[in-house]
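Dear colleague,

Please find below the structure I promised to pass on, followed by some notes on what turned up in it.

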Amino acid sequence: MGRTWRDGSGRLETPGGAVPLEIAASYRARRRGLLGRDGIDGALLITPTNSIHTFGMRFTLDVAYLDRSLTVLDVVTMRPGRLGMVRWRGRHVLEAAGGTMAGWGLGPGVTVGVDLTRDVAKNVTGDPSRGV
C-alpha cells in the first residue's frame with residue numbers, strides 16, 4: 001500500500017543510529033530542497049522523486065536513492081553544479097552533508113526507517129503509531 005507523505009520532520013533510523021530528518025513532499029518543498037542553505041543537521045527526505053540536481057547548492061551532498069520499501073539502491077557524493085542520474089526503481093531520495101552517510105552505515109541493500117513526529121504522523125496514510 002502506498003503512503004501519502006507530508007512536509008514535516010521526524011527521525012531517520014539507520015544502522016549507525018537515529019538522525020534528525022526533514023521531509024519534503026509538497027511540490028514547493030521538493031523544488032526548494034536544500035537550496036540556499038549552508039548545511040543540514042541530519043538528512044532531508046525528498047519524496048516522490050528518483051533523481052536530483054545540485055545546481056545552486058553551496059555544499060557537497062551525500063545522496064541515497066531509496067525504493068518504495070526504503071531500501072537503499074545507491075549512495076553517491078555530488079558536488080555542487082551536478083545532475084544526478086535517474087534511478088528507475090527509485091521512489092525517494094535522502095540528502096545529507098557530504099561524507100556523513102558512510103558513518104551512518106548507509107549503502108546499497110540497507111533498509112532505513114522513518115519515525116515521524118506526531119504532527120507528521122497524523123497526516124500519513126496508515127497506522128501513525130508504527131511510523132513509516
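The side chains of R37 and E22 form a salt bridge with an N to O distance of 2.8 Å (a salt bridge being a side-chain nitrogen of Lys or Arg within 4 Å of a carboxyl oxygen of Asp or Glu). This is a predicted model, in which local features need pLDDT of at least 70 and side-chain atom pairs count only at pLDDT 80 or more, while totals for chains, interfaces and linings use all residues. Residues are numbered from 1 along each chain as its sequence is written, and side-chain values use heavy atoms, with hydrogens and water left out.

R37 is partly exposed, with a relative accessible area of 21%, and E22 is likewise partly exposed at 29% (buried means under 20%, exposed over 50%, and partly exposed in between, with a 1.4 Å probe and protein chains only). E22 also has L44 in β3 as its bridge partner (strands are DSSP runs of E of at least two residues, numbered from the N terminus, and two strands pair if DSSP finds at least two bridges between them).

Searching the whole structure gives six salt bridges, including one between D115 and R11, whose closest N and O atoms are 2.5 Å apart. Because D115 lies in strand β7 and R11 in strand β1, this pair ties together parts that are 104 residues apart in sequence. Another salt bridge joins R58 and D38 at 3.1 Å, N to O, and both of these residues are exposed.

The seven strands form an open sheet in the order β5-β4-β6-β3-β2-β1-β7, with mixed pairing, and its edge strands are β5 and β7.

Conventions: Helix = DSSP H or I, 4+ residues; strand = E, 2+ residues; numbered from the N terminus.
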